[in-house]
Amino acid sequence: MKVKIRQWNGVASWLWVANDENCGICRMPFNGCCPDCKVPGDDCPLVWGQCSHCFHMHCILKWLNSQQVQQQCPMCRQEWKFKE
Amino acid sequence: MEDSVMESDPAEVSAPAPLHGVADAWESVTAALVSPGGSGPEPGLSDSLALLCAHGLGRLLGGWLLETLQMRLSSSVVPEFWSGLKQPENELEERDRAWVLLTAFRTLLDRLEPFLGGLERLGMWQEEGRGGLCGPGPRGLQERAFTIIRALLLFSPSPVLQERVLEFYSRTFSVYMNQEGQCWCQEALDQLKELSHILSKLQLLEWVSSEAVTSILHKLIEQRMEQHCRGEYECSFLLEFQEWLELVLGWLSKVFASKADADGTTPSIPCTPSAPSAQAGQPGSSILKQWRCHMHQFFCRIYVNMRIEELFSIIRDFPESKAAIEDLKFCLERTNQRQQLLTSLKSAFESRLLHPGVHTSDILTVYISAIKALRELDPSMVILQVACQPIRKYLRTREDTVRQIVAGLTGDAEGCTDLASELSRGDPVTLEMQDSDEEGTEPEDWTPDPTDAVPDKMGSKRRSSDIISLLVSIYGSKDIFIDEYRAVLADRLLHQLNYNTAREIRNVELLKLRFGESHMHYCEVMLKDMADSRRINSNIREEESRLGEEEEQPPLSLSSIILSSEFWPPLKEEKLELPPVVCQAMEAYTHRYEKLKAMRTLSWKPHLGSVTLDVELEDRTLTNLTVSPIHAAIILHFQEKSSWTLEELSVKLGAPRELVHRKIALWQQHGVLREEAAGRYYVVETGSSKEKMERGVMLIDSDEERDSNTTTQSEQREEKLQLFWAYIQAMLTNLDSMTLDRIHSMLRMFVATGPVVTEMDVNELEAFLQRKVREHQLMVSAGVYRLPKSN
């Protein structure tokens, strides 16, 4: 007997490769989106800092904009620098 | 005055001799009064009259006449009438019976006519004041005479009279309605005319015939309705009946008309100038008017009664039975039978619809028809609201209600296509309690509710007539519907091989109009996932083909639906180890995906999806089979080894034995695999004809192909309740012990977010807590819950 597979339609769900489940700022799941967004994934990406913490991009930008003096990671209070 | 008559007679007899002339005068006057001839005033009469009056006897004349009438009646006329009526015993034919009836009345008239004439004459004298006579005049005297006749004649009427009259009238009625020239038809009509005449002359018409006519009409209307309208809902009967009733009125006018023109046709009663004939004609037409009203009323009542009985069927056939509903509406407004309608309809629903034998989709179909029909019938929606309460209550207890409604909305259900078309009308669901500030209507247009309305807080505004709003409001919350729709949508998307979502997009857009953007947001993301997946697939396939020139082609063509897990309903988790070929393909796919989308990866759901494959056997090939991944995995394993036991397969697939057993049935049905002793399965390389025969017979419990991929509503509820467990534990730790109601209200207060608590009623919570008690996680005593002591 020989089985020939013509087409395999699988189902998968995508997820961010992050070491946490929820965004530390908005507490929403990374795999969802930040409170201001409607659509997850490409439209609401994650960004990583050099301190290895990551957030929804929109969340961290909002946070950084609200900081008067120094731009710090809200989790570890180190200076925030985007990871390249 | 009548009383004095008795004494005055002997007084007169014992009168002294000089008054001998008075006796003569009395004699001649009374003779003139009673004589049938009704001759003109004789010369001597006036003198006699004057003489009588001079002796004060004139006023006694009236009394004497009435007394004589009474005596005559009770002694001979009445017994003669009754015996004449009864005399021929039952052997007679109908025709003769009619004759007897008529004759009896004829003789009655003959016997009474002289008295009536006398009264008339006396009345005239009185009026003219002849010889100083005075008195109530002809009208007054006749009135009294007729009262006496009625009283004596009908004091104890025998049933024979009613029977005969009834028979007579129904015969003439049918003759009149048919207008056929049968044997004695014309005669019957003439008889009718004569009888009416006599009766009206004696002013007995109303007393003798009303009852008979009423019962005939009732019977006939009922009969006609039974014959013509019962079971016929598709055309209106109002006009037809109107015409028919007019025809019946024609007959009635024959019965009662003689009363109208009585004065004209009987010259023996000359018209007094004070009563012109126009006035005399009045009573007849007013009687007819009365009868018309009565018949109309009666028609409406019978019609409503019949339709109420049939209302369930009418509703069931609704769009076709619109005419019946309109008729019923017309008639119902004229009778006071709303309450009867409500009670009967409610019980019809309960006995014919709301029992376990009826499929949910059928109940929904009837409910939808009922909404449509009843909003025609009663634009105030009160009947709808009250009568359908039992349906709504019952639907709430059915588990698949929501799924059926959603299926109907998306056009999946076989029965109710109405919902889909209703949805495309696209009015927003008015379920949320809108505050009164957006009251678009003028206060002038306000109409009060009918009296039988249920006094609820919302008043008439709440009584929406929109079908979808009504259905959705069965549960009082949109969210259950949205969740269920999401589950249905997920199922449909996952079962689709192509990524064609045009229809789903349309549905979602329509639902968005109804439920609002925010509620349908998740569904939109799901649809976007489908579009994205298609793009990613083609992207990856392109890359593969570019690489394909250098490397060898990947072993199988894999495409994937990539979900945004947060936005899809929870999918069933099942464990399944796929064959290495597939796993490798998936890994490769994941790899490419990771390259495409930085920092993202895929988590496969191996048990979901679909596989198209060909099975090549020695003597035959099964092509283009579309199966689920587990089916494919099973058959792929048989490729490397031609016999497996269930145990081995289950280990290999990482799936429970029962599941494998169930799934393997598909291949047995296709005749690819065969079970031999000790639960070992073999590949059937060469299919013999015997095998085929067996296959035909083999009805292995075929695996339900369209298994739902999403967890069911109740499972999800369970999870949500589980979420409360933490709250409940915390509450009980702090407050030591609480009653059920307290827990419920606390949960309502604190866990206010989300629709979950508001939907959860006390009973459900109680059931949940009871289970916790059984699991020894909770203790209950005297209705008070507490946590078990941990040490």
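These questions and answers walk through chain B of a predicted model.

Local features need pLDDT of at least 70 and side-chain atom pairs count only at pLDDT 80 or more, while totals for chains, interfaces and linings use all residues, and side-chain values use heavy atoms, with hydrogens and water left out. Residues are numbered from 1 along each chain as its sequence is written, with chains lettered from A and ligands numbered from 1 in the order in which they are written.

Visitor: How many helices and strands are there in chain B?
Guide: Helices (H or I, at least four residues) and strands (E, at least two) are DSSP runs, numbered from the N terminus. On that basis chain B has 31 helices and nine strands.

Visitor: What share of the residues of chain B count as buried?
Guide: Buried means under 20% relative accessible area, exposed over 50%, and partly exposed in between, with a 1.4 Å probe and protein chains only. Chain B has 791 residues, and the buried share is 47%.

Visitor: Is strand 2 of chain B mostly covered or mostly open, and how many of its residues are buried?
Guide: Strand 2 spans residues 600-616 of chain B and is mostly covered. Of its 17 residues, the number buried is 14.

Visitor: Which residue in strand 2 of chain B is the bridge partner of Gln7(A)?
Guide: Two strands pair if DSSP finds at least two bridges between them. Strand 1 (residues 2-16) of chain A and strand 2 of chain B run antiparallel and are joined by 14 bridges. Within strand 2 of chain B, the partner of Gln7(A) is Thr612(B).

Visitor: How many residues are in the hairpin link from strand 2 to strand 3 of chain B?
Guide: Strand 3 covers residues 621-627 of chain B and pairs with strand 2 of chain B in the antiparallel sense over five bridges. One partner pair is Val611(B) with Val627(B). The hairpin joins these strands of chain B through four residues.

Visitor: At what angle do helix 24 and helix 26 of chain B pack?
Guide: Axes are lines fitted to C-alpha atoms, for helices over the stretch in contact, and angles run from 0 to 180 degrees between N-to-C directions. Helix 24 (residues 629-640) and helix 26 (residues 657-669) of chain B have axes 9 Å apart, and their angle is about 75°. Angles of 65 to 115 degrees count as roughly perpendicular, so helix 24 of chain B is roughly perpendicular to helix 26 of chain B.

Visitor: Which residues of helix 26 of chain B meet helix 24 of chain B?
Guide: Contact means heavy atoms within 4.5 Å. Helix 24 of chain B brings Ile630(B), His631(B), Ile634(B), Ile635(B) and Phe638(B). From helix 26 of chain B come Leu659(B), Val660(B), Lys663(B), Ile664(B), Leu666(B) and Trp667(B).

Key: Angles under 35 degrees count as roughly parallel, over 145 as roughly antiparallel, 65 to 115 as roughly perpendicular and the rest as oblique.
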